[in-house]
Amino acid sequence: MAPLFTPRADARLRLALVVAALLAVLALALGYAWARSGSTWAIGKPTEQPIPFSHAVHAGQLGLDCGFCHSNAARGASAGMPSGELCLGCHQRVWNVTAQFAPVQAAVDTGMATQWASVHRLPDHVRFHHAAHLAAGMTCATCHGAVETMPRTVRAETLSMGWCLDCHRDPRSRGLTPVGLGAQPYVHAGVEVPPLTRCTVCHK
Amino acid sequence: MSTDTPPPSTARVAEAALRPLGWGGWLGFALAGTGVVVLAIAVARLLWVGIGVWGNNIPHVWGFDLIAYAWWIGVANAASLFAAVLVLRRHGLRTAVNRFAEAAALAAVLAAALYPILHLGRPWLFYWTLPYPSTWGLWPQFGSTLVWDFWGISAHVLVTSMFWYVGLIPDLATLRDRAARRGRIGLARAYGLPALGWRGSVAHWHRHQAAYRMVAALVLPLLLSAQTVVALEFAVTVVADWHQARLPLHFIATGLPSGLGIVLALAVALRHGLSLREFVDRGDMDLLARLLAAAGIAALLAWMHEAGTALLQEDGTTRDAFLVRLAGPAWWIAVVMSGLLPQLFWWQKLRRDLIFVPIGLLAAAGVWLDRWSLVVDGVSRPRVPFPVTAYAPSGDEWALLLGSASFFAFALLCFGRFLPAVSMFETRHEESEQELEEEER
Amino acid sequence: MSGGATRRDALRVMGASIALSALAGCDEPDEFGHPLHGRGRGVASEDAVFATTLELDGLGRGVLVRTRGGHPIKVEGNPRHPASLGASDVFLESAPLSLHAPERSRQALQHGRPAAPGASRDAFNGLRGEGLRIVTGPLSSPTLRRLVAEALAANPGSTWHVHDPMADPASQAAALAAFGEAVEVLPDLRAARTMLCLGADPLGHGPAQLALARAWQAGRPRLLVAEASPSLTGARADRRLALHPAEFEPLARAIATELGVAGLVAGAAHPAAASLAASLREAGSEALILTGRGQSAAVHAIAHAINAHLGSRALRFVPAPAAGGAEMAPLEEAMRANEVSRLLLLDVNPAHDRAGFAAAMGRVVHSVHIAERVDETGRVASWHLPLNHPLESWGDSRAFDGTPSIRQPVARSPGGEVMGAVEALLALLGWEGTGRDAVRETWRGAWGEGDFESKWEEALEAGVAGESVPAASLALRADWDLPGRPIPPGLAAHFAPDPHLRAGAFAHEAWLQELPRPLTRLSWGNAALVAPETAARLGLAPGDEVELSLGGESLRAPVLPLAGQAVDCVTLPLGFGRRAGGPVGEGRGFHAAALRPADGAWVVPDLTLRPTGRRVALIARESQPGLEPDAAKVIGPGERLPPFAPTPSLHQPWSYPGAAWAMAIDLDACIGCNACAIACQAENNVPVVGPEDMARGRGLHWLRVEKHDRPEDRSVFQPVPCMHCEKAPCEPVCPVNATLHDHEGLNAMVYPRCIGTRTCSNNCPYKVRRFNFEDHRRRVDTPARNPDVALRPRGVMEKCTYCTHRIQAARAEGRLDTVETACARACPTRAILFGDLNEPQSDVARARQDPRSYLMLEQLGTRPRTSYLARVEEGGA
């Protein structure tokens, strides 16, 4: 009776088992890297906007302050988008390409807001307060990156929960001074818990 | 001993695995296969529509899902506990039944393993119970019994399948050789690969016995822990009727009749379905039936303990909660079907194949009702006033239950069809022992 | 219920079309209201609050409406308005929901078919001329009354009829007999020491409920209640009697005889009279008798006489703010006689409320129905024109005490042919101008030209446009008694408004349909309420169907035996059995109004009742008792409960360096009005699950109001939100850390982390956790949702959060000392207190020190942050 398996079959089986184990480890490693890669979080991917607005021109070349347009950032939860009147206030004099400003003009005429596509939209269950972050000493660039170099506004950071927590665990180590709630340390089971890592701080 | 020249008596066993299916086999496969399709549909609907297709509500947040889970684990545990004890004690009965007891245990564990994932509100996120480095910076709560449960069921699947597989290796080699002799090279290779180059040398046997007994020894504490983890899911809560330290013991003791009942019914099926009457003989069946009766006594003791502690303790809340369970029929039927009914097997006249099947299955079903009494009746009266709506299982839940039973049957049919249903090497071992004895005389 | 699946589909469809409705149309900018602060318009995510007015039974209640991006998302009471005092009820809270109802009319219909744009002009043209009949609801609005008068003057021979299914003709007749004037009694529950209610329900739902409940809580008079069917006032009574409707007049006469009231036609004695009379006599001028719907004119008149005899200082008389208008019966007769050719029905639905109206109305050649939805009347009318939601149009109103207020729009009108009630009358008159102009015109007339603008601005900002009407001083006439028409004994039909739907005006509100009624616990339907004795006599179980016959008419209805119901009295709740008006209300329950006689009587004798042998699946969310007693504790006056003794715990304690949020709920103040439950639903985007899932026990209300039975068939109501335990059992069992403790003591529920094992619900001894068995997000995601509260996907747990978003908002605005949860804000009796336990002077910290304070299931050692204050009852526990 001819042998069923060649003499090297045993070695092959062992090799196959080792390779399968290695592949499993590789898959896990790849998954780990993929979950953290910029492309997964749409970093650097521009979004279709109603108007080809350039932060590079406005914030970079013209040197406008962020608060000039996003005036609510220092006061409230949302940074606020500029009203159509604000846009047209300048653009009736400079760069008044009527076709480009049609969406803004329409918004002004109807009293509705211009429908910009959000680049940094957080999920529905997240509560984010711009003014609280600015009050703690953060700059716009911490989260939004160097918008003054962006001809098309793109995401600069993952905005993942882990990314937020990196800072929330120990804001002081980043030179930030938490105020109010974040400044109150508390202790549980003998361990000092960073107050800004509690769920209700960021979640609705 | 050489596997090349097997004693003729085991040929029938291997024959059962290698011969073409008869009409009965086809019918069994067709029925079980249909059930598996029903299971697939029920699972698909569950994933697509959600838990809403079930009859659950508040406070009956668990129903068929946890009943079936606890029950299948009980079946698996009792069956593999039985097999492991046989292996460790080198009991004569192991020849006959421990292979299919192991197979039944494995199939039951697989059926049970469906539920921890399917019962979730968002099953596709089950992996959040695993500790892995997520981008959220969050970890599971290691203090939760549901996390322990994950490790419990994983270890259970792993050990039960190892137990079954290690015992199977020599027989796989036999099948390989038989197939090769008939020139069915493809089949021989398929059996040969999992046989891991078994040649039956003394060194092989020596290591195999060591490994087999080691895994069997591993089964014992694991089974205790698996049942305990399931029991702890209930015992750690503030539900008045569940919050009892005796619950793990209760699960183990009352789980025994379910697994033994199923094994008993399966043994009858093997004897007649695969014509293996000589291998699973009357003595084996007698022994198994009396074991079931003894398990019934163990379960009865558990229930007496349950009733005693609940009714006599000072905490009136626990007593009232238990009285709510007594008001439902499930508890009483469980005691009768799983505890009292198997006691009939102490009478020799009643130990007959025709009676084994119904009583074995009823004993198993009784344990299912005990789990119903705990999971459903145990929460139907919260501590505070609440508008409780009775739990009414939906068609989807029945489909899932019957589907998982079909899956169990399907898996067993596959074992019976493609693998030796009775341990050939143990049988031969027994035969050679007998020959030795005769020679000595 | 049969046909359930299609209804559920309809609810789904409703959800889909809601989203579209938000995009449609806009109004002229100057037609928009003036927010108190913030810009209301245009910019998404911008907040604003408006003071405006919403009506119930034609009487105004001041509200503050919070809007986001131009959409009203929450209604709260206006503290400056006397009919609200900052509190709200189920009707106010649910107002924003109906703004986006998909069945709302958007275009004119002629004979049920869409009319050409602008054709509504023809509808009004056809109305002008001789013999015009105008039908409105009860009108307190000065502007509408002015314009109706103008319309009557412009069209000779025209008549104004008032259709008010909630009116009580007997009470009006008695006021005329006693004082010669149509006045209303305004009780002053602060000044009263003993109050006897004969069928009156001052704590029950109604246009004055919020003010009366607040005053009752402040004065806490001794409450003696005799009633035919359980009411919220009866539930709260110190003594309660269940009386057959026929017994009230003998009782009242016997009491008056005991007290020696002059001018009384003497009657037989009554066993309960002596002690009641003694209680009243003892209180003297601080005693008060109130009478309610279902009493004969004689009972009302006797009450007036007794109050006058005792010289009661606990009441005053005001002219009824919505008085006026002809009755409906003559109109019906005229229509049947083909004498009516021009008919305008403004925001009324008599075809549902009056049995024979639809048939008679079919004879009118030109009938114009103006309403928010095509209801039963709209289906019969030759024209149907769409009406604005009250939150979309200008108007004005008067409160129960006559206090006027302006109603300003806080949401955009859908536009097109949708018009407000004021605009509709302007169109009838053929006058130019907007609704706003007409309202300003009215008030310019009242205030004069001088400082009109400043008064106008002030009225819009305050939500109140003047003072209440001064009390009239009236003398009792000598011939006040009205004997002669007593109600005979025997099986009697007792019609009653549904606590949540009134006579049907709120049948389209899914929140109100679904929330279990305070006493019957019924959801998505009604039932004929019978006494347990009557049910036992006839062998009826809950849900058994009976055929009810009355005056030749008959209908089938399920019965519900209700403890406290008078023997031989069958209460038939109105508001159900709608055949039109939208998928939420259509086909639910039985149409009790079909049996009601044309004179609008509330009690009708000679009812016959025959079991049909069939059964109807009632959805009654009746609680079963808990395993542990004392969920709601009742103590005697002056009794003290032991202070909290914290049980030892293996769980590590938390430190609360900042605030420690807590809630205290006073069972002695709670009247069971359900305002908190609906306020919570509105605030937290709690989905409606529909009748099928309610029947299966899958309701999602975060805050449930439990009813505990007491002797004399009274009840203790207990709102049960999340207890926010310091040692929360739900937390350690969650495998994925989805429910966690917070640094301020909140038990947080993280929806996106939840995988739905439901273990936490098993481990919650208070059963306050709710599970999303289905995906309800699409149905909730309307412009009326609260954007500060996340929507929950299918398969996750949810529960009360102590309005954590309100806490965070207050923190951002630096006003943590004024945080209020939605339920606490709504409560008319301030039974729910919320605040910081670490602040010793906070209400909640002081409530914890109260000798009535206790924790639910304290023995479990969960250390709840929600504590209760025990109910106090004469005779004690």
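The legends below describe close-up views of a predicted model.

**View 1. Overall make-up of chain B.** Chain B is built from 14 helices and zero strands. Read from the N terminus on, its elements therefore form the run α-α-α-α-α-α-α-α-α-α-α-α-α-α. Of the 441 residues in chain B, 53% count as buried. Contacts in chain B between residues at least 6 apart in sequence were also sorted by separation, and 83% of them join residues at least 24 apart.

**View 2. Helices α2 and α13 of chain B.** Two packed helices are described by the angle between their axes and the distance between the axes. Here the pair consists of helix α2 (residues 23-49) and helix α13 (residues 395-418) of chain B, whose axes cross at roughly 140° and come within 7 Å. An angle over 145 degrees would count as roughly antiparallel, and α2(B) and α13(B) are therefore oblique to each other. Their crossing is left-handed. Sorted by class, the residues in the contact of α2(B) with α13(B) are 16 nonpolar, seven polar and three charged.

**View 3. The contact between chain B and chain C.** On the side of chain B, 41 residues take part, and chain C contributes 42 residues. Among the elements of chain B, α5 (145-181) and α10 (316-327) each supply at least two residues of the side that touches chain C. The side of chain B that touches chain C divides into 25 nonpolar, twelve polar and four charged residues.

**View 4. The contact between chain A and chain B.** Eleven residues of chain A meet eleven residues of chain B. Both α1 (9-36) and α8 (161-169) of chain A supply at least two residues of the side of chain A that touches chain B. Which helix gives the most to this side of chain A? The answer is α1(A), with four residues. The side of chain A that touches chain B has seven nonpolar, two polar and two charged residues.

**View 5. Helices α6 and α11 of chain C.** Helix α6 (residues 169-179) and helix α11 (residues 297-310) of chain C pack with their axes 8 Å apart and at an angle of about 45°. The two helices, α6(C) and α11(C), are therefore oblique to each other. The crossing of α6(C) and α11(C) is right-handed. From α6(C), the contact is made by Ala170(C), Ser171(C), Ala173(C), Ala174(C), Ala177(C) and Ala178(C). From α11(C), the contributors are Ala297(C), His300(C), Ala301(C), His304(C) and Ala305(C). The classes in this contact are eight nonpolar, three polar and no charged residues.

**View 6. The open sheet of chain C.** Seven strands of chain C form an open sheet with mixed pairing, in the order β5-β4-β16-β15-β14-β6-β7. Why is one side of β5 (113-114) and of β7 (159-162) left without a neighbour in the sheet? These two strands of chain C stand at the edges, and each has a single partner strand, so one side of each has no neighbour there.

**View 7. Strands β15 and β16 of chain C, with helix α4.** Strand β15 (residues 366-371) and strand β16 (residues 383-386) of chain C run parallel and are joined by four bridges. Within this pair, His369(C) stands opposite His384(C) in β16(C). Helix α4 (residues 120-127) of chain C packs on the sheet and touches β6 (132-136), β14 (342-346), β15 and β16 of chain C. The direction of α4 makes about 125° with that of β15(C).

Conventions
Residues numbered from 1 in each chain as written. Chains lettered and ligands numbered in written order. Predicted model: local features only at pLDDT ≥ 70, side-chain atom pairs only at ≥ 80, totals over all residues. Contact = placed C-beta atoms within 7 Å. Nonpolar A, V, L, I, M, F, W, Y, C, P; charged D, E, K, R; others polar. Axes fitted to C-alpha atoms, helices over the stretch in contact; angles between N-to-C directions. Parallel < 35°, antiparallel > 145°, perpendicular 65-115°, else oblique. Left-handed = near helix turned anticlockwise from the far one by under 90°. Pairing = 2+ DSSP bridges. Buried ≥ 20, exposed ≤ 12 C-beta atoms within 10 Å, placed from the backbone.
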